[in-house]
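Hi everyone, thanks for coming. Please take a moment with the sequence and the model before I start talking.

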Amino acid sequence: MKTQICILFVLLGLAAVAASEVNVLSFGATADGKTDCTAAFQRAIDALKPQGGKVTVPAGVYVTGELQLWPGVVVEGAGGFAFRGLPKGSTLKLRKGADARAMFNLTGAMGATLRDLALLGDVDDLPKDAPTPSRTVHGVGLFNTSHGVDEGYPLVDHCLIRGFSGDGIHLHKGFCGNVRNCLILDNRGDGIRLDGWDFFIINNEINNNWGYGFHGVDPNNACTITANRIEWNHKGGLYLDRGSHYCINANYFDRSGVAGVIFENVRFITFTGNQIYRSARPEWDAPKDPVSAHAVLRNCKGVTFSSNSLVIGRDDYASGEFSPRNGLVIEKLENCTIMGNTAHAAFLEKFIVDRGGHTNLVCRDNMATPMKDVGEVFVVVPEK
């Protein structure tokens with residue numbers, strides 16, 4: 001009987017393929033939050049493998065393991081996710097004990113899209129002090145063996161990615177793509193981790209991840225990071241290691257651990273028009289170096305750091321300690337510019353901790369003052 005039912009689901013699904021659109025319910029998925037729907041979802045995705053198309057996921061809660069996408073396939077839900085509590089739209093929960101690298105595996109899936117989905121990971125319902133599982137699972141993963149010569153261009157749009165033991169989005173050897181309008185939070189790794197280039201990171205909320213909000217690892221370059229809220233990430237807001245050719249503007253970095261922004265061994269970075277607020281939260285364990293600061297620029301060439309606003313602060317509800325102690329930490333900068341930044345009541349000790357070793361550094365016209373009293377910092381206390 002089970003075999004006959006599966007055959008029926010497959011036939012129904014194949015009948016819908018002619019229109020290049022299928023519904024996971026037609027392949028046996030059950031939105032009850034209990035039934036393992038991995039096979040049903042994969043059958044729906046596989047049905048579109050030859051030509052691409054859309055997999056529709058109606059509102060409800062589905063339990064799945066790892067799902068492999070294919071070129072040109074769009075998996076689209078009903079949206080409706082929330083910052084707190086159980087999402088109201090199309091929700092996928094990772095099956096307990098799933099043998100998975102990621103809930104959605106985008107490897108080889110050129111032009112694939114995830115849209116209007118809520119993805120809940122393997123630590124989403126665990127206590128915050130629960131140990132991280134020995135096998136980490138990412139929310140969305142790309143695991144290429146080389147960067148290749150063709151643009152992969154995955155699109156992750158308007159998705160909630162929450163509570164994974166690994167990174168929210170893990171892009172290994174990625175070449176061109178787009179992450180936009182997403183809420184990426186409470187993951188045990190980084191919000192977004194990139195080894196690759198030519199990505200657009202636009203209009204996302206990247207919040208309370210245990211690693212960095214955005215982490216570029218060698219090699220990483222040629223990305224645009226614009227209009228994101230990157231806040232309450234434990235290791236730091238944004239960390240570029242050996243990155244180059246970034247345009248980073250109009251972002252809001254808030255209550256980061258270590259520092260709001262760290263550039264190390266980078267080249268040709270434009271960082272303008274950003275807000276960096278209450279960095280280096282002292283309540284989190286942080287490495288002794290770099291020192292508490294809004295931004296750290298170390299071993300950089302051709303970096304423009306200008307027209308940014310730096311502000312001191314403490315936790316919400318006027319609790320916790322004020323931070324950071326310093327504005328900027330700079331060391332071994334070559335042909336770099338630090339100009340026109342506003343840092344009113346922005347630090348406790350020094351605006352710039354200068355460790356020297358520079359060649360052709362322009363650092364001027366920065367309006368910087370330490371916080372003299374609490375009244376200088378306007379704190380909005382939201383109602384509980």
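A quick word on the ground rules. This is a predicted model, in which local features need pLDDT of at least 70 and side-chain atom pairs count only at pLDDT 80 or more, while totals for chains, interfaces and linings use all residues. Residues are numbered from 1 along each chain as its sequence is written, and side-chain values use heavy atoms, with hydrogens and water left out.

Let's start with the rings. A pair of aromatic rings is described by the distance of the centres and the angle of the planes. Here, rings of Phe, Tyr and Trp (its six-membered ring) pair if their centres lie within 6.5 Å, and planes under 30 degrees apart are stacked, over 60 edge-to-face, and the rest tilted. Searching the whole structure gives 10 such aromatic pairs. One of them joins Phe 263 and Phe 271, edge-to-face, with 5.7 Å between centres and 80° between planes. Phe 271 also pairs with Phe 305, this time stacked, at 5.0 Å and 10°. Strands, by the way, are DSSP runs of E, at least two residues, numbered from the N terminus.

So which residues make up the aromatic cluster? Phe 253, Phe 263, Phe 271 and Phe 305 form it together.

Now look at strand β24 (residues 259-264). It is largely enclosed by the rest of the structure, because 6 of its 6 residues are buried. Strands pair if DSSP finds at least two bridges between them. β24 runs parallel to β21 (residues 236-241) over 4 bridges, with Asp 241 opposite Glu 264. β24 and β27 are also parallel, joined by 5 bridges, and Phe 263 has Leu 297 in β27 as its bridge partner.

Last, the charges. A charge sits over a ring if NZ of Lys or CZ of Arg is within 6 Å of the ring centre and within 35 degrees of the ring normal. Lys 49 lies over the face of Trp 70, 4.0 Å from the ring centre, and the charged end of Arg 101 sits over Phe 143, 4.3 Å from its centre.

Technical notes
Buried < 20%, exposed > 50% of the residue type's maximum accessible area, 1.4 Å probe, protein only.
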